[in-house]
4 protein chains.
Amino acid sequence: MAIMQLTIIPLGTQTPSVGQYVADIQQTLRREGFPHELTDMGTIIEGEPQELLALAARLHALPFVHGAQRVVTQVVLDERRDKTVNLGDKTAAVQARLD
Amino acid sequence: MAIMQLTIIPLGTQTPSVGQYVADIQQTLRREGFPHELTDMGTIIEGEPQELLALAARLHALPFVHGAQRVVTQVVLDERRDKTVNLGDKTAAVQARLD
Amino acid sequence: MAIMQLTIIPLGTQTPSVGQYVADIQQTLRREGFPHELTDMGTIIEGEPQELLALAARLHALPFVHGAQRVVTQVVLDERRDKTVNLGDKTAAVQARLD
Amino acid sequence: MAIMQLTIIPLGTQTPSVGQYVADIQQTLRREGFPHELTDMGTIIEGEPQELLALAARLHALPFVHGAQRVVTQVVLDERRDKTVNLGDKTAAVQARLD
C-alpha cells in the first residue's frame, strides 16, 4: 500500500483559477472509490503503487477535455514495505510525538 | 500572501521513519507563529514568499543537527496577486463546487 | 508526446548515496528504449503519458529489490497538445532567446 | 554546498508557453554568477542552501513583472554534509557506474 500526492496544473487557460479542474478530480476519485483527502496543495490518495500511477494518467488527461492546452502533473509516491501505512497514519504518528 | 508546501527527506539515516524530523519542524513552526497544517505528504504554511523561503532554509537545516548526512527538501510555493488566498481557502473553494 | 522527470529516493538505506539506484534506472531505460537524459536532479524521459507513468511504476519498484525499505518517487509530467515537444526542444527554445 | 532544482510555472497567462519566463531566469543567473544548468524540466543551480533559497524568492517574483497573475514555484534542494558535491558530480558518478 502506498500514499500518492497529486497536483495538476493546467497552463494556457484564461484565468489563474484551477478550482474547476480540482473538482473534476475529486468527482473521479469518489466515483472510482479511492480513499483520498484534498489539501490546499494537492490531493492525497491511498492505493497500490501501480494502480495509483495508472489513476494519475487518467486524472492528468481530464483538463484537456475542458480546453487546457498544456497540463503539468506532479506526483509524489511514498511506499513503505517494512510496515503498512494508510491515509492519516503519518499525521497521527507525528501528532502523537507532539502531544 | 502565499501558500508553501514543504517536505523534508533525510537520507543516510538508519531507519526509514522520518516522524522525529517532522515533529521538529512542527515545533519550530509553532514557536515562530506561522499558520500551518500538517498533511500526510508535507506541511503547508502561509506567509509572505520571501519569509517562507527563508523559513524553508531554517527547517532544511534541522535534520543535520540530529545526525542526517544528506537532506532533500522539496518546496512548492503558490502565490496569487489577483486575490488574497489564505490557508484553507483553496480546499473550501473546491468543496463549494462539489456540494 | 510528453516529457517526464523522475526522481527516486530510497530511504532506510545505510549510506546517503543513491548512485547505484540511479544506475539501475538508466539500464532499464536503455533496455526498454525510451529516449532519456540524466541530470543532477533526476532523469528526463520522453514518451506517451500513459506509458511514462506505467514506466514510473516499474522504476519505483527497483530499489526494493536491492533492499530499500521505503521509496519516495517524484514525477513531473509535462504534456502539450497544442504542439509537439520532444526531449531537448524546451532547452533549445530558451537558448534561442538568449543568443 | 548544495544543488537546487528550480521550476517556475506562471498561471493565467494567455499562452501555454513559458520560454520567455525561463529566459528571464537564465539572464538573472548569469548576472548574479551562480553556476547553473538548464534542463527540459527546470534549472539546476549550485550554491549555499540559504543563498539558493533567497535566490529562489527573487526568481519567483520575476513572472509577476511580466504580467502573470499567479506563479507556482517548485524547488528541490539537495545538500550533503558527508562530502562536497558540485554541479555535474552526480551525473558523472552514475556515468562511471554505467561505463
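This is a predicted model: local features need pLDDT of at least 70, side-chain atom pairs count only at pLDDT 80 or more; totals for chains, interfaces and linings use all residues.
Residues are numbered from 1 along each chain as its sequence is written, with chains lettered from A and ligands numbered from 1 in the order in which they are written. Local features need pLDDT of at least 70 and side-chain atom pairs count only at pLDDT 80 or more, while totals for chains, interfaces and linings use all residues.

Between chains A and C, 22 residues of chain A are in contact with 22 residues of chain C (contact: C-beta atoms, placed from the backbone, within 7 Å). On the chain A side, helix H2 (49–65) and strand S4 (70–80) are the elements that give two or more residues; helices (H or I, at least four residues) and strands (E, at least two) are DSSP runs, numbered from the N terminus. S4(A) supplies the largest share of this side, 11 residues. By class, the chain A side comprises 11 nonpolar, 5 polar and 6 charged residues (nonpolar: Ala, Val, Leu, Ile, Met, Phe, Trp, Tyr, Cys and Pro; charged: Asp, Glu, Lys and Arg; polar: the others, Gly among them).

S4(A) and strand S4 (residues 70–80) of chain C run antiparallel and are joined by 11 bridges; strands pair if DSSP finds at least two bridges between them. Glu79(A) has Val71(C) as its bridge partner in S4(C).

In chain D, Ala56(D) lies in helix H2 (residues 49–65). Ala56(D) counts as buried because it has 25 C-beta neighbours inside 10 Å (buried: 20 or more other C-beta atoms within 10 Å of its own, C-beta atoms being placed from the backbone). Apart from neighbours within four places in sequence, Ala56(D) is in contact with Leu53(B), Leu6(D), Thr73(D) and Val75(D). Arg81(D) is 25 residues from Ala56(D) along the chain, and their C-alpha atoms are separated by 22 Å.

How values were computed:
Two residues are in contact if their C-beta atoms, placed from the backbone, lie within 7 Å. A residue is buried if 20 or more other C-beta atoms lie within 10 Å of its own, exposed if 12 or fewer, and partly exposed in between; C-beta atoms are placed from the backbone.
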